Amino acid sequence: MAKTPIEIRLMNKAVDYLGRYASSQHRLRAVLGRFATRKLDQHDPDEIAAAIDGTVARCRKLGYVNDAAFAQSQARSHRRQGRSQLGIRQRLRQHRLDDHVIDAALEVADEHATNGELLAACHFARRRRIGPFDHRRDDPDDRDAIMQRTQRQLGAMARAGFAMAITRKVFDLNDSSAAESLIDQLEHGEDPTV
């Protein structure tokens, strides 16, 4: 079947984009839509919409775009960055992924850790230098400044989507060496008693 010039240009754009970025079907559709608006505005909108649908379907059939693999990759990456399950779920929903795809991706992301949420909270605290990673905890500042700093740090954990029970486990650690030890145990599948 001969391809129209619109289909050829859209497929070229899709291959170029997917060669540089991992993508969901929803994002690919949006990229192709913006491309069509800029470069193919002289053509019939219905023809463009059909060509975009066909291009996304063809990319899916060829294996260039796979929502499940994309979700797993994103979930693993976000977990390493210290993102909560709630935060990851919200980010993946922006790609219009089904809940069962998101659940499976979160399960894969946490398969090697004993407690993925606690591990992510520790990574988040280390990255933000809060909780046990805050080196100002030992400073003999006035009590009010310490309480305010702790409240701000607890707020950061809550905004990141971590439950208070998980946050308390992280903040109850004495220092960064205890936190690093906990991270090591969680990464190696050990069940620490925190």
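**Surface patch, salt bridges and local features**

Val15 lies in helix H1, which spans residues 5-20. The structure described here is a predicted model. With a relative accessible area of 41%, Val15 is partly exposed, because the partly exposed class lies between the buried limit of under 20% and the exposed limit of over 50%. Together with Leu62 and Tyr64, Val15 forms a nonpolar patch on the surface. The accessible area of Val15, Leu62 and Tyr64 together is about 280 Å².

Salt bridges were examined next. The count comes to eight salt bridges. One of them joins Arg29 and Asp53, whose closest N and O atoms are 2.5 Å apart. This pair links distant parts of the chain, since Arg29 is in helix H2 (residues 25-39) and Asp53 is in helix H3 (residues 45-62), 24 residues apart. Arg29 has a relative accessible area of 33% and is therefore partly exposed. Asp53 is also partly exposed, with a relative accessible area of 43%.

A salt bridge is also formed between Asp110 and Arg79, with 2.9 Å between the closest N and O atoms. Here too the pair links distant parts of the chain: Asp110 is in the loop between H6 and H7, while Arg79 is in helix H4 (residues 67-81), and the two are 31 residues apart. Both Asp110 and Arg79 are buried. Arg79 and Asp110 also belong, with Glu117, to a network of salt bridges.

The side chains of Asp134 and Arg149 meet in a further salt bridge, at 3.3 Å from N to O. Asp134 is in the loop between H7 and H8 and Arg149 is in helix H8, so that distant parts of the chain, 15 residues apart, are linked. Asp134 has a relative accessible area of 6% and is therefore buried. Arg149, with a relative accessible area of 8%, is buried as well. Both assignments follow because buried means under 20% relative accessible area.

Most residues other than glycine have a negative phi. Arg96, although not a glycine, has a positive phi of about 60°. The position of Arg96 is in the loop between helix H5 (85-93) and helix H6 (99-109). Arg96 has a relative accessible area of 62% and so counts as exposed. Arg129 is not a glycine either, and its phi is positive, at about 55°. Arg129 occurs in the loop between helix H7 (116-128) and helix H8 (143-159). The relative accessibility of Arg129 is 60%, which means that Arg129 is exposed.

Thr167 is part of helix H9, which covers residues 164-171. Its relative accessibility is 2%, so Thr167 counts as buried. When neighbours within four places in sequence are left aside, Thr167 is in contact with Leu154, Met157 and Phe162.

Notes
Residues are numbered from 1 along each chain as its sequence is written. This is a predicted model: local features need pLDDT of at least 70, side-chain atom pairs count only at pLDDT 80 or more; totals for chains, interfaces and linings use all residues. Side-chain values use heavy atoms; hydrogens and water are left out. Helices (H or I, at least four residues) and strands (E, at least two) are DSSP runs, numbered from the N terminus. Buried means under 20% relative accessible area, exposed over 50%, partly exposed in between (1.4 Å probe, protein chains only). Contact means heavy atoms within 4.5 Å. Patches are made of residues with over 30% relative accessible area and no salt bridge: like charges are joined within 9 Å, nonpolar side chains (Val, Leu, Ile, Met, Phe, Trp, Tyr) within 5 Å. Accessible areas come from the Shrake-Rupley method with a 1.4 Å probe; for residues, only the protein chains shown count as cover. A salt bridge is a side-chain nitrogen of Lys or Arg within 4 Å of a carboxyl oxygen of Asp or Glu.
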